[in-house]
Amino acid sequence: MRTVKIVLLTVFMFSIIPTVGSTSGPTLLTSVLPEDIETEEGMTEDVSSSGVDWNAVMDAIIQVESRGNARAVNGNQVGCMQITPICVKECNIILKGRNQSKRYTLNDRFSVERSKEMFMLIQSHHNPENDVEVAIRSWNGGPKFSRRGTQRYYERVMSEMK
């Protein structure tokens, strides 16, 4: 029963989370490896063994989503990465499944560092291959994104990375 609830929550989450400026639909918040999530100060650290500069990816997404405004609000999407309450819940489900005691709150969405941590956590769970294109497109279009539907968003994020 618990697995069914988690699956339903995940499906629900990816069917309703639009992003700022998005014309293509749901958003997937994505991340890397559990050991990469937090340093002593609580800052996200890029120690990915895949060689991906996740900070550059996250910074580009932040520019596209909110122009760097940690206080940005668009409906129930808030913060620099426009995180929804259901995403916070998904992060906490992942943490619980990993037997970690850490939990995120809705206020954590207003913290750039915590937003990046949530991005990294979701990425590790939903994109373990650390595929940057998948990370960007799924952030905008959900786990079953369409290439056509996420093309403009992908191009905007990639142009911010240059």
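**A close look at the salt bridges**

Tutor: Let's begin with one residue of this predicted model: Glu160 has a relative accessible area of 30%, so this residue counts as partly exposed. The side chain of Glu160 meets that of Arg67 in a salt bridge, with 2.9 Å from N to O. This pair joins distant parts of the chain, 93 residues apart: Glu160 belongs to helix α6 (residues 147–161), while Arg67 lies in the loop between α2 (54–66) and β1 (73–74). Arg67 is exposed, at a relative accessible area of 54%.

That bridge is one of seven in the structure. Now let's move to another part of the chain. Here the side chains of Lys102 and Glu117 form a salt bridge, 2.8 Å from N to O. Again, distant parts of the chain are linked: Lys102 is in the loop between α3 (85–97) and α4 (112–126), and Glu117, 15 residues away, is in helix α4. Glu117 is buried, because its relative accessible area is 0% and the cut-off for buried is under 20%.

Glu117 has another partner, too: Arg114 also forms a salt bridge with Glu117, and their closest N and O atoms are 3.8 Å apart. Arg114 and Glu117 are three residues apart in helix α4, so about one helical turn separates them. Arg114 is partly exposed, with 28% relative accessibility.

Lys102, Arg114 and Glu117 join Asp108 in a network of salt bridges.

Methods
Residues are numbered from 1 along each chain as its sequence is written. This is a predicted model: local features need pLDDT of at least 70, side-chain atom pairs count only at pLDDT 80 or more; totals for chains, interfaces and linings use all residues. Side-chain values use heavy atoms; hydrogens and water are left out. A salt bridge is a side-chain nitrogen of Lys or Arg within 4 Å of a carboxyl oxygen of Asp or Glu. Helices (H or I, at least four residues) and strands (E, at least two) are DSSP runs, numbered from the N terminus. Buried means under 20% relative accessible area, exposed over 50%, partly exposed in between (1.4 Å probe, protein chains only).
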